[in-house]
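Keep the model open while you read. The text goes through charge pairs, then the fold, then the surface.

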Amino acid sequence: MLRSLGAVCARPPCRPPALLLLPPTRGRKTRDDPPAKSKVGRVKTPPAVDPAELFVVTERYRHYRQTVRALRQEFAWEVRTKLQESRTGVEAERKVREEVAEHQRLMAWNRAENQRLHELRIERLRREALEEEQRQAEEQARRALELQAQIQRKEQEVLQLQEEAKRFITRENLEARIEEALNSPKSYNWAVTQDGKVVRSQNRDS
């Protein structure tokens, strides 16, 4: 049974690792490699050198090396001098004086800038106060006009009510109004045609 299970669950055969493919490179020959056929029997001879040209080039290189050496020595001397001055305190004192002067200059500029901004702020606040006063005055004038218009409307309503009150029926004029109504009878027996004409009855009620 174990043999049959092993046959069923058998692992796939292991494949050999793939070769690492590298791009072809052109190497140099070693000492043991034979020379090329085209170079067999060739003797290397150095190129001819002109003595005058060699002397000029040598002198120029000598002058160049001397100049570079002198510059290096000059730069090294300056570095050592600055280091010595900084150690003795002269450079440090000068830096302190420069920092103090810079601080004073910046503080003066800061005070001048603060004064300028303060003046601008005062001017802005003054302008805003004037605008607020003008706005309040306009608002009060508008409210006064509205109040005056409302008072006039109320007065008109009171006058109209007084005029209407003259036609009210009270206990004092009740009898007179009844007699007036009886003496002037009105007939509501009328109709309106399709053309909009009013047709009244010929026989009015007494």
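Glu113 is partly exposed, with a relative accessible area of 22%. Partly exposed means between the two cut-offs: buried is under 20% relative accessible area and exposed is over 50%, with a 1.4 Å probe and protein chains only. This is a predicted model, in which local features need pLDDT of at least 70 and side-chain atom pairs count only at pLDDT 80 or more, while totals for chains, interfaces and linings use all residues. Residues are numbered from 1 along each chain as its sequence is written, and side-chain values use heavy atoms, leaving out hydrogens and water.

What does Glu113 pair with in a salt bridge? Its partner is Arg116, with the closest N and O atoms 2.3 Å apart. A salt bridge here is a side-chain nitrogen of Lys or Arg within 4 Å of a carboxyl oxygen of Asp or Glu. Side chains of opposite charge can pair when their charged atoms come close. Arg116 and Glu113 are three residues apart in helix H3, so about one helical turn separates them. Arg116 is also partly exposed, at 40% relative accessibility.

Arg97 and Glu93 meet through their side chains in a salt bridge, 3.3 Å from N to O. These two are four residues apart in H3, which spans residues 90–165, so again about one helical turn lies between them. Glu93 has a relative accessible area of 48% and is partly exposed.

Arg126 forms a salt bridge with Glu123, and their closest N and O atoms are 2.8 Å apart. Both residues lie in H3, three residues apart, about one turn of the helix. Arg126 is partly exposed at 43% relative accessible area. Glu123 is partly exposed too, at 41%. Elsewhere, salt bridges that share partners join Glu139, Arg142, Arg143 and Glu146 into one network. The whole structure has 11 salt bridges.

Now step back to the fold. The chain has four helices and two strands. Helices (H or I, at least four residues) and strands (E, at least two) are DSSP runs, numbered from the N terminus. Along the sequence the pattern reads α-α-α-α-β-β.

Helix H2 has 38 residues. From its first C-alpha to its last it reaches 55 Å, close to the 56 Å expected at 1.5 Å a residue. That expected span is 1.5 Å times one less than the number of residues. Gly89 follows H2 and has a positive phi, near 105 degrees.

How much of the chain counts as buried? Of its 206 residues, 0% do. The chain exposes about 21500 Å², and carbon and sulfur atoms supply 56% of that area. Accessible areas come from the Shrake-Rupley method with a 1.4 Å probe; for residues, only the protein chains shown count as cover.

Two surface patches remain. Patches are made of residues with over 30% relative accessible area and no salt bridge, joining like charges within 9 Å and nonpolar side chains (Val, Leu, Ile, Met, Phe, Trp, Tyr) within 5 Å. Ile169, Leu174, Ile178 and Leu182 form a nonpolar patch, with about 390 Å² of accessible area together. Leu174 lies in helix H4, residues 174–183, and is partly exposed at 38% relative accessible area.

The other patch is positive: Lys29, Lys39, Arg42 and Lys44 gather on the surface. Lys and Arg count as positive, Asp and Glu as negative; His and the chain ends are not counted. The place of a charge is NZ of Lys, CZ of Arg, CG of Asp or CD of Glu. Lys39 lies in the loop between helix H1 (2–8) and helix H2 (51–88). At 47% relative accessibility, Lys39 is partly exposed.
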